[in-house]
Amino acid sequence: MTSSPSDNFNNENNPDLKEMQKIEENGKGKKKKRRALKVILIILSVILGLLIALVITFSTLWYMGKVSLFDYDVDVSVPEEMVDSALEDGSKVVYNGETYLYNEDAVNVLFMGIDKKDISTQQGYGSNGQADSVMVINLDTKTGSIKILPISRDAMVDVNIYSAEGSYLGVEKEQLCLAYAYGSNGEESCENVRKSVSRLLYGIEISSYVAIDLDGVIALNDAMGGVRLTPIESVSTDDSKIKLAKGKEVVLKGEMVNAYIRWRGKDTDANTRRMLRQKHYMTTFASQAGNQVMSDFGKLTVLYDTAKPYTVTDIKLSELTYIASCCLTSNLGNSIVYNSISGQSVMGEKHVEFYPDQNSVFEAVLNTFYVKQP
């Protein structure tokens with residue numbers, strides 16, 4: 001039976017029917033809103049879950065890094081003839097009337113730049129290259145301050161000597177850079193340098209080490225988009241393919257980086273000037289890297305993964321996470337304090353030899369690894 005026009009007219013003007021239609025439409029609208037709200041809640045729950053997972057992961061890495069980095073005892077061999085007094089373990093020293101306490105909140109990392117590629121492969125004793133750049137980085141996990149103590153590659157220090165077959169031959173006074181060569185692989189080479197540096201610095205404990213090869217420096221530099229700086233010294237490679245002019249701003253990329261931090265002349269002070277350029281580059285790089293990591297902490301993992309194929313290190317990602325979280329609270333480059341060791345450079349039988357002044361060495365130890373009491 002079909003409805004008549006009058007029936008349609010009656011339906012449109014029926015107040016009860018219109019009310020029912022409104023109720024039905026409102027019900028459908030509420031269902032749509034509930035479904036939309038449910039979707040939003042699900043999305044928010046997923047995001048919250050991911051954030052919680054990230055926080056847990058970061059916290060776990062942070063805690064694991066802290067525990068492993070501070071697993072050592074203070075045992076500094078303080079030279080009694082140089083100090084007014086000192087505790088037996090060297091944790092407290094009175095020097096020239098000033099009191100110094102060993103900074104147990106700091107982590108000491110040995111950094112080495114190696115003059116060779118593929119350092120992660122096992123190349124045998126005497127074939128691993130040399131440590132062209134050596135410095136100890138003191139990272140205060142409480143205050144975030146950073147102190148760096150560069151040590152001349154030419155420094156004459158006590159080095160463990162091994163034969164090509166790996167037999168221990170004793171300790172000899174040699175250039176620090178050669179300590180890296182006495183190892184069958186990168187790990188043994190790093191450990192040998194660590195021993196020599198610790199001996200020079202009166203037994204200072206070095207928590208970790210990082211050795212990076214020629215390609216690694218370029219990879220890290222370019223991962224940051226290059227480093228913009230103004231050279232403090234003119235540099236020209238032997239083939240003259242790369243020329244950097246003193247005072248002329250440039251963005252270092254590719255082989256330009258190695259040219260700036262590795263080139264040196266042939267005079268006795270050539271390595272001293274190169275160390276100043278390395279300091280300049282490192283400060284500038286640290287500022288740029290620190291700013292990028294502060295804006296995106298995930299960049300830290302990117303840099304870690306970028307460097308991994310070119311490095312030999314005992315620093316785990318958890319330890320790096322802990323260090324970064326403690327020391328990236330300010331402009332990293334500008335917060336770095338550099339100390340130095342003075343001495344005399346002379347031409348030896350074959351190479352330049354740098355003889356550290358022992359008073360300067362001990363003062364550098366106090367200024368880098370201790371905190372002066374007010």
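How do the residues of the lining of the largest pocket divide into nonpolar, polar and charged? The lining comprises 32 nonpolar, eight polar and five charged residues, where Ala, Val, Leu, Ile, Met, Phe, Trp, Tyr, Cys and Pro count as nonpolar, Asp, Glu, Lys and Arg as charged, and the others, Gly among them, as polar. The model is predicted, with pLDDT of at least 70 needed for local features and 80 or more for side-chain atom pairs, while totals for chains, interfaces and linings use all residues. Residues are numbered from 1 along each chain as its sequence is written, and side-chain values use heavy atoms, without hydrogens and water.

Salt bridges (a side-chain nitrogen of Lys or Arg within 4 Å of a carboxyl oxygen of Asp or Glu) number 12. Arg277 and Glu233 meet in one of them, at 2.6 Å from N to O. This pair links distant parts of the chain, 44 residues apart, with Arg277 in helix α6 and Glu233 in the loop between β10 and β11 (235–236); helices (H or I, at least four residues) and strands (E, at least two) are DSSP runs, numbered from the N terminus. Arg277 is buried at 1% relative accessibility and Glu233 is buried at 14%, buried meaning under 20% relative accessible area, exposed over 50% and partly exposed in between (1.4 Å probe, protein chains only). Salt bridges with shared partners join Asp132, Arg153, Asp154, Arg262, Arg264 and Arg274 into one network.

Lys117 forms a salt bridge with Asp215, with 3.6 Å between the closest N and O atoms. Lys117 is partly exposed at 42%, as is Asp215 at 26%.
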